[in-house]
Amino acid sequence: MKRLFFASLFALLTTVSFAQPVFDLGLKAGVHYSNLNLDGEFDLNSDAITQMHWGAFGRIGFNRLYVQPEVYFSKKGGDLSYDVLNLTGGFDYSNVDVPVLLGYKVVKSTMFDVHLMAGPVFSFVTDADYPNELDPYLHDEFFDKHLFGVQYGLGVDVLFLTVDARVEHASKVYNDPDLISGKSTTFMLTVGFKIL
């Protein structure tokens, strides 16, 4: 039993000593397409909107596996319309997103890497805006200021640049149990620049 323990310990230490540590720090910016998936008592439609996001990211890990925390500022929502009363307008909310992603380098070389990533994202809504015409139907008390979601996607690193494509599914940003509720879905394209 002791021999097995020491053999396993030796194998683990050897693996760690030869593993290449990962530590990156950088800035990122990109474009995203977001929309609200609405459920409710009346037929309120939503079309996707295009917005920008920007922030910073880090990577910590060994060899092919790493954790990537990020923080960035973004605006999400959708273009709402209510055909019955001929109402239209944007439902926008600004937020700070904090994803914590687990990444794995599927392809690893000296010039470029291809990676997969997935993990939770915590969002803090700082401002929400909707057209005055929808005041009879939307009310501030039903906006959720703290959202939780999931992101997943893939990316490519080329030297000091990283490019990611991700999908995000968030919890209900608006929830009126008697009338309407809406969850956000976002597709993101991001370019990052590694400083360290």
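The dialogue below goes through a predicted model and asks how each label attached to it is reached.

Visitor: What makes up the secondary structure of the protein, and which pattern does it follow along the sequence?

Guide: The secondary structure of this predicted model comes to 1 helix and 9 strands, and, read along the sequence, the pattern is α-β-β-β-β-β-β-β-β-β. Of the 196 residues in the protein, 41% are buried, and among contacts with a separation of 6 or more, 65% are between residues 24 or more positions apart.

Visitor: Why is Ser-34 called buried?

Guide: Ser-34 has a relative accessible area of 1%, and the label buried applies under 20%, so Ser-34 is buried. The residue lies in strand E1, which covers residues 21-40, and, with residues up to four places away in sequence left out, Ser-34 touches Ala-48, Ile-49, Lys-76, Gly-77, Thr-185 and Thr-186.

Visitor: Which residues touch the most other members of the largest nonpolar core?

Guide: The largest nonpolar core has 13 residues, and those touching the most other members are Leu-36, Leu-80, Phe-91, Tyr-93, Leu-138, Val-173 and Tyr-174. Strand E5 (87-108) and strand E8 (161-176) each supply at least two residues of this core. For Leu-138, not counting residues up to four places away in sequence, the residues touched are Leu-80, Phe-91, Tyr-130, Tyr-174 and Ile-180.

Visitor: How many aromatic pairs are found, and why is the pair of Phe-142 and Tyr-174 called edge-to-face?

Guide: A search of the whole structure finds 6 aromatic pairs. Phe-142 lies in the loop between E6 and strand E7 (146-158) and Tyr-174 in strand E8, so the pair ties together parts that are 32 residues apart in sequence. Phe-142, at 23% relative accessibility, counts as partly exposed, whereas Tyr-174, at 3%, counts as buried.

Visitor: What makes Phe-160 and Phe-193 an edge-to-face pair?

Guide: The ring centres of Phe-160 and Phe-193 are 5.2 Å apart and the planes stand at 75 degrees, so the pair is edge-to-face. Phe-160 lies in the loop between E7 and E8 and Phe-193 in strand E9 (residues 180-194), so this pair ties together parts that are 33 residues apart in sequence. Phe-160 is partly exposed at 42% relative accessibility, and Phe-193 is partly exposed at 42%.

Visitor: Why is Phe-112 called partly exposed?

Guide: Phe-112 has a relative accessible area of 40%, and buried means under 20% while exposed means over 50%, so Phe-112 falls in between and is partly exposed. Phe-112 lies in strand E6 (residues 112-129) and, leaving aside its neighbours within four places in sequence, is in contact with Val-107, Asp-157 and Val-158. Phe-112 and Val-156, 44 residues apart in sequence, are 7.0 Å apart in space, C-alpha to C-alpha.

Visitor: Which residues line the largest pocket, and what is its volume?

Guide: The largest pocket has a volume of about 200 Å³, and its lining includes Phe-112 along with Asp-24, Lys-105, Met-111, Asp-157 and Lys-194. E5 and E6 each supply at least two residues of that lining.

Note on methods:
Residues numbered from 1 in each chain as written. Predicted model: local features only at pLDDT ≥ 70, side-chain atom pairs only at ≥ 80, totals over all residues. Heavy atoms only, no water. Core = buried A, V, L, I, M, F, W, Y, C linked by side-chain atoms within 4.5 Å. Buried < 20%, exposed > 50% of the residue type's maximum accessible area, 1.4 Å probe, protein only. Helix = DSSP H or I, 4+ residues; strand = E, 2+ residues; numbered from the N terminus. Contact = heavy atoms within 4.5 Å. Phe/Tyr/Trp six-rings, centres within 6.5 Å; stacked < 30°, edge-to-face > 60°. 1 Å grid on protein atoms, 1.4 Å probe; cavity = no way out; pocket = protein on both sides within 12 Å on 5 of 7 lines; lining within 4 Å. Points joined across faces, edges and corners; volume = space filled by probe spheres on them.
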